[in-house]
Amino acid sequence: MSGGLIVHLNGWPGVGKLTIGRVLANRLSARLVDNHLLHDVAIGCTGLADPGRWPLYEQVRHAAYEALKDRPDAETFVMTNALCANDPRERQAWEDVVDLAMARNAALVPVVLEAGFGENSRRLRSPERVGRKLADPAVLASFMTEDSIQKPDVPDLLVLDVTRLSADQAADAICRHLRSGAGERFQPATDRHRNLQP
């Protein structure tokens, strides 16, 4: 696809967003904006449990998105997040993504990655996550019980079960979705992207 595109990967921690995002960004010659790229600045400066983490993260996110707004129009972004439907802070995070896409007059294609709990838990415990990201399946289970992942209520949405897919296979499926919507279907983002499925 040509530029002017933002592909947003959302899903529970450990589902494979960063791994898939790296493969996808490489295939699309896109800029990868992983959520931990921004979170890690705040965590490194304040600590994971410090209440100052969230205001700092939001400042970092704001500054990063301001910089992304000014990237050349043809650039494609692959972004990752773990945004829940009922958390006001995470709903605002999605609003900020929509604002970014609208400011760039870019198509915004939301992709929700899902996996069975057993596989998601297995991936969650991978060695590279320990000490950096959520790695406790019990905490993941509580998140899943208390909330759900945001699913924007737009025709461009792709919900992809990656339980049995490698990162390459998942990226293949996303690329097929992008090709299917090239041209007329994927129009620049509008306020309709703010609406979430119930």
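Which elements are included in what covers the buried residues of H1? In this predicted model, the cover includes strand E1 (5-10), E2, E3, strand E4 (107-114) and helix H7 (167-180). The residues of H1 that are buried, with under 20% relative accessible area, are Lys17, Leu18, Ile20, Gly21, Leu24, Ala25 and Leu28. Viewed down the axis of H1, these buried residues fall within an arc of 155°, so they line one face of the helix. Such a pattern can be read against the geometry of an α-helix, which has 3.6 residues a turn, so that residues three or four places apart point the same way. On the other side of H1, Arg22 and Asn26 are exposed. The helix has 12 residues, and the distance from its first C-alpha to its last is 16 Å, close to the 16 Å expected at 1.5 Å a residue. Just after H1, Ser29 adopts a positive phi of about 50°.

Helix H2 (35-46) was examined in the same terms. Its 12 residues should span 16 Å at 1.5 Å a residue, and the C-alpha atoms at its ends lie 17 Å apart, which agrees. The buried residues of H2 are Asn35, His36, Leu38, His39, Ala42 and Ile43; seen down the helix axis, they fall within an arc of 160°, and therefore line one face of H2. Strand E2 (31-33), H3 and strand E3 (76-81) are included in what covers these buried residues, whereas the face of H2 turned away from its buried side carries the exposed residues Leu37, Gly44 and Cys45. Just after H2, a positive phi of about 105° is found at Gly47.

Both helices also contribute to the lining of the largest pocket, in which about 1,200 Å³ of space lies. This pocket is lined by 45 residues, and those that lie nearest its centre are Pro13, Gly14, His36, Arg129 and Leu134; of these, His36 is also among the buried residues of H2. At least two residues of the lining are supplied by each of helix H1 (17-28), helix H2 (35-46), helix H3 (53-69), helix H4 (88-104), helix H5 (117-124) and helix H6 (137-146), and H1 gives the most, with 5 residues. By residue class, the lining of the largest pocket divides into 18 nonpolar, 10 polar and 17 charged residues.

How values were computed: Residues are numbered from 1 along each chain as its sequence is written. This is a predicted model: local features need pLDDT of at least 70, side-chain atom pairs count only at pLDDT 80 or more; totals for chains, interfaces and linings use all residues. Side-chain values use heavy atoms; hydrogens and water are left out. On a 1 Å grid over the protein atoms alone, a cavity is a set of points where a 1.4 Å probe fits but cannot get out, and a pocket is an open set with protein on both sides within 12 Å along at least five of seven lines; lining residues have an atom within 4 Å of a point. Grid points are joined across faces, edges and corners, and a volume is the space filled by probe spheres set on the points. Helices (H or I, at least four residues) and strands (E, at least two) are DSSP runs, numbered from the N terminus. Ala, Val, Leu, Ile, Met, Phe, Trp, Tyr, Cys and Pro count as nonpolar, Asp, Glu, Lys and Arg as charged, and the others, Gly among them, as polar. The expected span of a helix is 1.5 Å times one less than its number of residues. Buried means under 20% relative accessible area, exposed over 50%, partly exposed in between (1.4 Å probe, protein chains only). The arc is that of the directions from the helix axis to the C-beta atoms. Contact means heavy atoms within 4.5 Å.
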